[in-house]
Each structure stands twice: as C-alpha cells, then as structure tokens.
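Q: I have a new structure open and would like a walk through it. Can we start with the terms and then go element by element?

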Amino acid sequence: MGESASVTSTRHEVRIERMTTSEVAAAVEQGASTAILPLAAVEQHGPHLPLSMDADHADELAIRVARELGDALVLPTVRVGYSPHHLGFPGTLSLRASTLEAICADYGASLADSGFSTLVLFSGHIGNYPVMREFEARLAAELAPLSVIVFTGSQAILDAWRAAAEQSGHGAGVGGHADIAETSVMLALHPERVRVDRLVPGYQVEIDDDFLARVLSEGLKAFSPNGILGNPVGATTSIGHACLDAVTGLITDYVRSRAASVRPLRQSPPEHVQASREEDQT
C-alpha cells in the first residue's frame, strides 16, 4: 500500500463491527462510555479520486478520535450522505436530509441499553454539516438521556486544511472538494486509489458557508464542470498527515470541551452487558 497514515492495525481494536459482543461489553465495563458515529458520502471527487473519498476519510478520523479520547468505540460509518448537489455526476448516491437524520437516530436508539452514555457525530463530507446543524437539537431530544455531541465545525476543518497546505506553499489549493487537502489525505491513506496522472485544477474558490449554500442550491456542476473545488496539484502525503492530525485534534478537543459539561454520571452496565462479559470468562 505504500506509506500510510492509517492507524487501524497498530493499536487495539475500537470498531465495534470488528469486535465480538463480549468484547464490546468488556470495553464498556472498563470505561468505553462514548460511541462515535462518523458520517460520510459516496459521491464524485473529480477525475482523480474515488467516490469513497469521504467515507475512507471518516473511517480513519473516527478511529483516531476514539483512540485519542481513550474511552470511546466507533460505530459503522454511515457511508452515504446528503449529496444532492453532486447528482449531476455519474455514480453519486444521496440520502434525503430526513433519511440521514433518521439513520442517526436509529443508530443511537439502542446505545444506552449497551451501556454507552454519549454519542458523538462528525462528518467526513462537508455537505453533511448544514443538515447536522439543523437536526442536532432534535436528535439530542430524541435520544435523551443519552448525551449527544455533534461536531459541526466545517469552517474550522477548511481552515485547518489551509494551514496544513500552506506549510508547503499550497494553501490556495484548498477549495473543499477533491482539492489538495483531500487528495493528500487519500495519498496518505490509500495512495493506490489516487489517479495521479489525472490531477487538474478545478474551480478556484475559498469556500465558506455562503458559498456552500449556493452549491447546495445550484449544484456543484454549475460552478465546476470537472467536480473539483480548489486545486489538487501539489498534493503530498506530508500534507495528508498534517490534515489528518489537525482535524483529529479539532474533533477531539471539541468533544472533550462539550463532554465536560454534558457527560452524565457513570452508570453500571445493563444486565445483559454484564452477562455477556461473564459468559466470555466461563
């Protein structure tokens, strides 16, 4: 695979879908009270990146955040997200905003029964963030007494990407989609998936919430016929490492600051969680 920033094989498993039920129960009893739910997208990323870009990115960030927090496990990534603005490009899939909200609610509905006290959501797809901001309060009310922490700092992510790319003089290449940041992240995670011979500039823009609203309304193709915002030319694994580290830090710091005020008192695991662990010891 070449040089990779992936931490999936270097430390203990935190993805619940890779664990047995007794291993999940044991982790919860030992203090893993937080469940992390990464959201993503399956959508076009220009001529050089696979449609899995946002999902691959979210997979990795979730593992990193869980291990940084130390008391967290990772739920399976919601791989398809809110992407109607990319539907002009073949292969893109999209959920309705209400469907994405319902999936998040369903993921969280049984977590308290398994012994978790906090649900953390973030997205590897910038386009999910307006939807997440809109449903955050409803989701928290629906899942109470489970504490819900929704990281919605899409602008902070873009700023962190620019800072990472600017270290090598490429900050202007950050445009928020299939740009130098995302291309560098994929070079760090899965270099064999990057079509390096197809790197071309896209629509040059410093994306912000106002521009994102226009893209969501008019569709990306209206601004960028090749599906790129920014410029991927100059992407490197070192920029990818820096982007991954920076965004991991953003999410982790936000969760810790919110958890200090919202985390409920630690409760004993439900009877079936305790029983599962006892069965594993027999």
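Predicted model: local features only at pLDDT ≥ 70, side-chain atom pairs only at ≥ 80, totals over all residues.

Q: Which helix is Thr-252 found in?
A: Thr-252 sits in helix α8, which covers residues 237–262.

Q: Is Thr-252 buried or exposed?
A: Thr-252 is buried: its relative accessible area is 3%, and the cut-off for buried is under 20%.

Q: What does Thr-252 touch, not counting residues up to four places away in sequence?
A: Setting those residues aside, Thr-252 touches Val-65, Glu-68 and Leu-69.

Q: And how many residues apart in sequence are Thr-252 and Arg-67?
A: They are 185 residues apart in sequence, while their C-alpha atoms are 9.7 Å apart in space.

Q: Zooming out, how many helices and strands are there in the protein?
A: The protein has nine helices and six strands.

Q: How many of the residues are buried?
A: Of the 282 residues in the protein, 52% are buried.

Q: What about contacts with a separation of 6 or more?
A: Among those contacts, 80% are between residues 24 or more positions apart.

Q: What is the accessible surface of the protein?
A: It comes to about 11900 Å², and carbon and sulfur atoms hold 52% of that.

Q: On to the sheet. What is the order of its strands?
A: The order is β2-β1-β3-β4, in an open sheet of four strands with parallel pairing.

Q: Which strands stand at the edges?
A: Those are β2 and β4 (147–150); each has a single partner strand, so one side of each is left without a neighbour in the sheet. From one strand to the next, the twist averages 25°.

Q: What holds paired strands together in general?
A: Strands of a sheet pair through backbone hydrogen bonds, in either a parallel or an antiparallel way.

Q: How many bridges join β1 to β2?
A: Three bridges join β1 to β2 (residues 72–74), and the two run parallel.

Q: Which way do the residues of β1 point?
A: Thr-34, Ile-36 and Pro-38 point one way, and Ala-35, Leu-37 and Leu-39 point the other way. Six of the six residues of β1 (residues 34–39) are buried.

Q: How many bridges are there between β3 and β4?
A: There are four bridges between β3 and β4, again in the parallel sense. Thr-118 has Ser-147 as its bridge partner in β4.

Q: Which helix packs on the sheet, touching β1 and β3?
A: Helix α3 (residues 97–109) does, and its direction makes about 160° with that of β1. Helix α4 (residues 129–143) lies across β1, β3 and β4, and runs at about 170° to β3.

Q: New topic: how many disulfides does the structure hold?
A: The structure holds zero disulfides.

Q: Are Cys-104 and Cys-243 buried or exposed?
A: Cys-104 is buried, with a relative accessible area of 0%. Cys-243 also counts as buried, at 0% relative accessibility.

How values were computed:
Residues numbered from 1 in each chain as written. Heavy atoms only, no water. Buried < 20%, exposed > 50% of the residue type's maximum accessible area, 1.4 Å probe, protein only. Contact = heavy atoms within 4.5 Å. Areas by Shrake-Rupley, 256 points an atom, 1.4 Å probe, with all protein chains shown as cover. Pairing = 2+ DSSP bridges. Axes fitted to C-alpha atoms, helices over the stretch in contact; angles between N-to-C directions. Disulfide = S-S within 2.5 Å.
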